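Subject: The structure I promised you

Hi there,

Here is the structure we talked about, with the sequence alongside. Have a look at it first, and then read on for what turned up.

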Amino acid sequence: MKKKIIIPLSIIVIVFLVANIVTYAYSNENLFEFFFADNNAVQKKITNNLLTRENQKIEIDNYIINLKESLCEKKTQLGYLVISVSDKNGNKVDADIDKKNNTIKSFGEDNRFTFEYEATGTFTKYAEYKGNKLYIYVSFEINNEIWQDTDLNKCIKITDTAKRINKKYKQYNFDLKFAENCKKFKSKDGVLYLSPLGLRYVTNNTMDELVITIKDENDKTVNSLSNSDNMLSESGKRYKDITKVQYAAEFDELLDLKKVYNIYINENKLEEVK
């Protein structure tokens with residue numbers, strides 16, 4: 001006769017909780033796990049300042065389009081989103097996904113839905129399935145001063161090619177929330193904004209050689225970027241008779257602003273603006 005093993009309820013609960021924590025930690029449904037998988041320590045520090053856990057839903061026929069998480073910073077004009085798309089009947093959502101790089105062009109039956117970016121700059125959309133539900137991971141960078149004339153909160157729109165209003169396709173948008181979490185530095189030639197997500201240097205001068213160096217309290221280099229190795233993107237625009245040049249970068253690893261003490265441009269130290 002086999003001996004019956006009785007497992008205490010408390011142990012079952014602990015195992016269940018641990019299993020769920022592990023599942024969540026390695027699920028790409030989490031914004032940080034998809035874009036910054038090796039940055040767990042830093043992400044915990046900045047979560048309360050930047051990350052917004054959303055539940056904004058757009059329901060169109062059988063489709064439920066849900067903005068689940070957003071991470072957007074106003075001064076550096078960088079943002080990341082996680083969007084899920086599901087079918088009310090539980091069917092798999094159709095999507096046109098590039099098999100080489102997992103970027104998505106459209107989703108819905110007959111490529112019904114597409115994205116429109118009403119700003120200038122990079123706008124990248126990746127996608128994958130979790131069961132029949134489609135997850136879309138968006139990263140964007142607004143690379144010039146167009147933000148002065150554009151409503152950032154509504155710069156990303158979803159176009160429904162199956163419905164028209166006044167001969168134009170119907171569009172929907174989420175209400176994006178941009179936090180201000182950055183340090184500001186100035187030089188004689190311009191202003192540099194630094195956030196955990198990246199940096200943006202606005203100046204009136206085009207620079208053939210530009211090296212931006214970030215250092216900690218011990219004068220140790222935390223990060224160094226230059227336009228010679230294409231780590232800094234360059235863009236320009238004429239605005240009210242003034243030409244503005246912008247150099248911007250997205251960080252591969254999130255930056256802890258508390259560890260940033262000095263910024264140098266071509267070895268010239270910038271002054272922090274409090």
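Let me start with a pair of strands: strand E12 (residues 190-194) and E13 run antiparallel and are joined by five bridges. If you want a spot to look for, Leu192 has Tyr201 in E13 as its bridge partner. Please keep in mind throughout that this is a predicted model.

Strand E13 deserves a moment of its own. Six of the six residues of E13 (residues 198-203) are buried, so the strand is largely enclosed by the rest of the structure. Gly198, Arg200 and Val202 point one way from E13, while Leu199, Tyr201 and Thr203 point the other way.

What does Thr203 touch, leaving aside residues up to four places away in sequence? The list is Asp189, Gly190, Thr243, Lys244, Val245 and Tyr247. Thr203 sits in strand E13 and has a relative accessibility of 2%, so it counts as buried, the cut-off being under 20%. A polar atom of the Thr203 side chain lies 2.7 Å from the backbone oxygen of Asp189, and the Thr203 side chain reaches the backbone nitrogen of Asn205 at 3.1 Å.

Within it, E3 and E8 pair in the antiparallel sense over eight bridges, and the bridge partner of Gly79 in E8 is Phe140.

Another open sheet has four strands in the order E15-E14-E18-E19, again with antiparallel pairing. Here the edges are strand E15 (221-226) and strand E19 (268-269), each of which pairs on one side only. Strand E14 (residues 211-215) and strand E18 (residues 262-265) form an antiparallel pair over four bridges, with Ile214 standing opposite Ile263 in E18.

On to the interior. In soluble globular proteins, nonpolar side chains tend to be buried together. The largest nonpolar core in this model has 31 residues, and those with the most contacts inside it are Phe107, Ile136, Phe140 and Ile156. Several strands each supply at least two residues of this core, including E1 (51-60), E5 (104-107) and E9 (156-165). The largest share, five residues, comes from E8. Leaving out residues up to four places away in sequence, Ile156 touches Leu81, Phe115, Val138, Phe140 and Phe174, among others. Apart from this core lies another, of 21 residues, among them Met207, Leu257, Ile265 and Leu270.

Finally, the overall picture. The protein has three helices and 20 strands, and 45% of its 274 residues count as buried. Of the contacts with a separation of 6 or more, 58% are between residues 24 or more positions apart. The protein exposes about 15,900 Å², and carbon and sulfur atoms supply 46% of that.

Best wishes

How values were computed
Residues numbered from 1 in each chain as written. Predicted model: local features only at pLDDT ≥ 70, side-chain atom pairs only at ≥ 80, totals over all residues. Heavy atoms only, no water. Core = buried A, V, L, I, M, F, W, Y, C linked by side-chain atoms within 4.5 Å. Buried < 20%, exposed > 50% of the residue type's maximum accessible area, 1.4 Å probe, protein only. Contact = heavy atoms within 4.5 Å. Pairing = 2+ DSSP bridges. Areas by Shrake-Rupley, 256 points an atom, 1.4 Å probe, with all protein chains shown as cover. Polar contact = N/O pair within 3.5 Å; in protein donor to acceptor, adjacent residues only side chain to side chain.
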